[in-house]
Amino acid sequence: MPLISLIVLCAVTALLTNRFLSPLNLTNILVQSSIMAVIAMGMTFVIVGGGFDLSVGSTAALSGCIAAMVMLEAGIAAGVVAGVVAGAAVGLANGLVIAFLNVNPFITTLGTMVLVRGVVFLITGGAPVSGETGLPGAFVAFGSDRFLGIHYLVWVPALLLAVLSFVMHATPYGRRVYATGGGREAAYLSGVPVRRVIASTYVWCGALAGVAGVMLAARLQSGQPTAGEFYELTAIAAVVLGGASLQGGEGMLYKSVIGVFIMIVLGNALNLLNVDSYWQRVAVGAVIIAAAAAERLRSSRSQ
């Protein structure tokens, strides 16, 4: 169903504007989707496990800024590792509070969203992080150059999708995540370490938001403290559009990526059709509500 929706959306857009199928525009869609696809994969772990995370946008901004700051002092590799570790640390904090203190995921991650964004502004002074001469050339090239004709940024979610799909669907850990989201009490009685599994899904989500933040810094050629705003809503909408259940226990990574393409193509179509930016926000908000309503209807019918 998500793939059919994407195909229909692309076909209608192509009929309405001939610019949609231009190589430049299709490349732009792929690059724009790459960062959000990484975040959506992390969000899939959390949602399948029965939770959700509102802090991924702020986490991506933090990771991008920390990566930029560290690589200016210690090199690209250290910066990339620092950015991903920072994201994983935020995810771990979320996971511990939610899983072991039993605090509601909405309240926890909403608080983390605001807290982390504040930390980003504190450590950067609200200014972009790029140094006097800019970030290292090889890192900047990663955000703009290509390998085999495809942007490096697009290769990242492609490789992650292959690896993480194996983790989710072919390992005992992945089965535990699905079991936990499908019914925590039943999973616990079956011997699943429910709290640790829940916490781990937030670590995955934070780490992947960290990867996305590093990618975003490479694309923007700087760490931007304002980056990642509303990413969490887009990611949640994409995962739900991909068929995941907000109740937990359902969802597939590749379908979440398709959901990302639906969101990005929709925004691209509205731009090409010269729809006012205010109406674009209305349209995206309507899609998010419609996706949540459709997911609720699916859940009701399956019960």
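Let me start with a definition: helices here are DSSP runs of H or I with at least four residues, and strands are runs of E with at least two, numbered from the N terminus. This is a predicted model, where local features need pLDDT of at least 70, side-chain atom pairs count only at pLDDT 80 or more, and totals for chains, interfaces and linings use all residues. Residues are numbered from 1 along each chain as its sequence is written, and side-chain values use heavy atoms, with hydrogens and water left out.

Helix H2 comes up now. It runs over residues 23–48, which is 26 residues. From first C-alpha to last, H2 reaches 35 Å. That is close to the 38 Å expected at 1.5 Å a residue. The expected span is 1.5 Å times one less than the number of residues. H2 also has a kink of about 30°, centred on Ser34. The bend at a residue is the angle between two fitted axes, one for the seven residues ending there and one for the seven starting there. Just after H2 sits Gly50, with a positive phi of about 95°.

Is H2 mostly covered or mostly open? Mostly covered: 20 of its 26 residues are buried. Buried means under 20% relative accessible area, exposed means over 50%, and partly exposed is in between, using a 1.4 Å probe and protein chains only.

Phe45 is buried, at a relative accessible area of 0%. What does Phe45 contact, leaving aside neighbours within four places in sequence? The list is Leu164, Met168, Tyr173, Val177, Thr201, Trp204 and Leu253. Contact means heavy atoms within 4.5 Å. Met252 is 207 residues from Phe45 in sequence, yet their C-alpha atoms are 9.1 Å apart.

Next, the cores. A nonpolar core is a set of buried Ala, Val, Leu, Ile, Met, Phe, Trp, Tyr and Cys residues joined through side-chain atoms within 4.5 Å. The largest has 62 residues, and Val38, Met43 and Met215 touch the most other members. Several elements give two or more residues to this core, including H2, H4, helix H7 (152–170) and helix H10 (194–220). H2 gives the most, with 14 residues. Val38 has contacts beyond four places in sequence, among them Val156, Pro157, Leu208 and Met215. There is also a second, separate core of 15 residues, which includes Ala67, Val90, Val140 and Ala218.

On to helix H3, residues 56–74. Its 19 residues should span 27 Å at 1.5 Å a residue, and the end C-alpha atoms are 26 Å apart, which agrees. Just after H3, Gly75 takes a positive phi of about 105°.

Now a loop. Asn104 lies between helix H4 (76–100) and helix H5 (105–124). Asn104 is partly exposed, with a relative accessible area of 43%. A polar atom of its side chain lies 2.7 Å from the backbone nitrogen of Phe106. Asn104 and Gly51 are 53 residues apart in sequence, and 9.0 Å apart from C-alpha to C-alpha.

Terms used: Polar contact = N/O pair within 3.5 Å; in protein donor to acceptor, adjacent residues only side chain to side chain.
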